[in-house]
Amino acid sequence: MPILDQQQPPPPVQRRRKFWGLLFNSSHPTTTTSNHVEEHHSSRSSNVSMSSVVRSLLPTRRRLRLDPRSKLYFPYEPGKQVQSAIKIKNTSKSHVAFKFQTTAPKSCFMRPPGAILTPGDSIIATVFKFVEPPENNEKPIDRKRKVKFKIMSLKVKGMMDYVPELFDEQKDLVTVERILQVVFLDAAKPSPALEKLKRQIAEAEAALETRKKPPEDTGPKIVGDGLVIDEWKERRERYLARQQVEGDDSV
């Protein structure tokens with residue numbers, strides 16, 4: 001009868017130890033790989049969040065230049081509809097659409113409320129506002145903070161018809177150019193700001209009248225019942241008439 005060595009474990013015990021050892025060794029690299037993948041994803045997400053923070057800290061690249069830059073001046077005339085003006089110029093190399101928004105749409109409206117400007121093009125927009133009479137000895141300086149205007153811009157591919165839905169369809173690409181504060185001017189007291197406002201309003205009205213005029217007709221003239229008179233045809237008829245008169249005189 002053989003004598004078993006007490007220092008060596010029986011064969012079944014050895015097999016169990018090998019099995020658990022192989023299982024542990026095979027599972028350990030997977031854990032390391034998964035940890036590495038998680039660290040990689042967390043690193044990427046941190047980089048993305050950091051880049052978004054950096055972009056938010058950078059100054060916004062504006063497409064429009066406004067004059068006045070950050071305010072809308074109105075003559076203070078309680079109980080009347082007054083008018084302001086602002087010059088908007090496209091300083092980018094692309095076509096740009098702009099749009100007005102206001103916190104008081106019931107008492108204010110813009111003309112035009114939006115448009116598309118070619119590179120380097122400019123327009124003087126007018127803003128109309130009804131000035132409500134003061135209440136409880138309210139001062140104009142207190143009232144001006146209640147109404148604000150916002151001008152937004154959007155880069156477009158080329159010249160097209162302006163529709164406000166452009167800004168709804170491409171919200172992520174819209175840039176807020178300026179938030180304009182309302183400033184009231186004493187209409188009875190001359191000031192450089194008031195004189196400049198009057199000049200801009202006059203320029204805006206003149207530009208509006210020019211746009212209203214029909215374009216000049218450079219084509220052939222239509223006379224009577226649709227008879228088209230061409231310049232060369234007129235010359236030919238005059239020449240033939242002159243030849244006939246000379247022939248009659250010679251006879």
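User: How many helices and strands are there in the protein?

Analyst: The protein has five helices and 11 strands, where helices (H or I, at least four residues) and strands (E, at least two) are DSSP runs numbered from the N terminus. This is a predicted model, in which local features need pLDDT of at least 70, side-chain atom pairs count only at pLDDT 80 or more, and totals for chains, interfaces and linings use all residues. Residues are numbered from 1 along each chain as its sequence is written, and side-chain values use heavy atoms, with hydrogens and water left out.

User: What order do the strands of the open sheet have?

Analyst: Its four strands follow the order β1-β3-β7-β5 with antiparallel pairing, and two strands count as paired if DSSP finds at least two bridges between them. The edge strands, pairing on one side only, are β1 (64–67) and β5 (108–111).

User: How many bridges join β5 to β7?

Analyst: Four bridges join β5 to the antiparallel strand β7, residues 122–130, and Met-110 stands opposite Val-127 in β7.

User: Which helix lies across these strands?

Analyst: Helix α4 (residues 192–212) lies across β1, β3 (81–90), β5 and β7, and runs at about 75° to β3; axes are lines fitted to C-alpha atoms, for helices over the stretch in contact (heavy atoms within 4.5 Å), with angles from 0 to 180 degrees between N-to-C directions.

User: Changing topic, what share of the residues is buried?

Analyst: Of the 251 residues, 25% count as buried, meaning under 20% relative accessible area with a 1.4 Å probe and protein chains only.

Note on methods. Buried means under 20% relative accessible area, exposed over 50%, partly exposed in between (1.4 Å probe, protein chains only).
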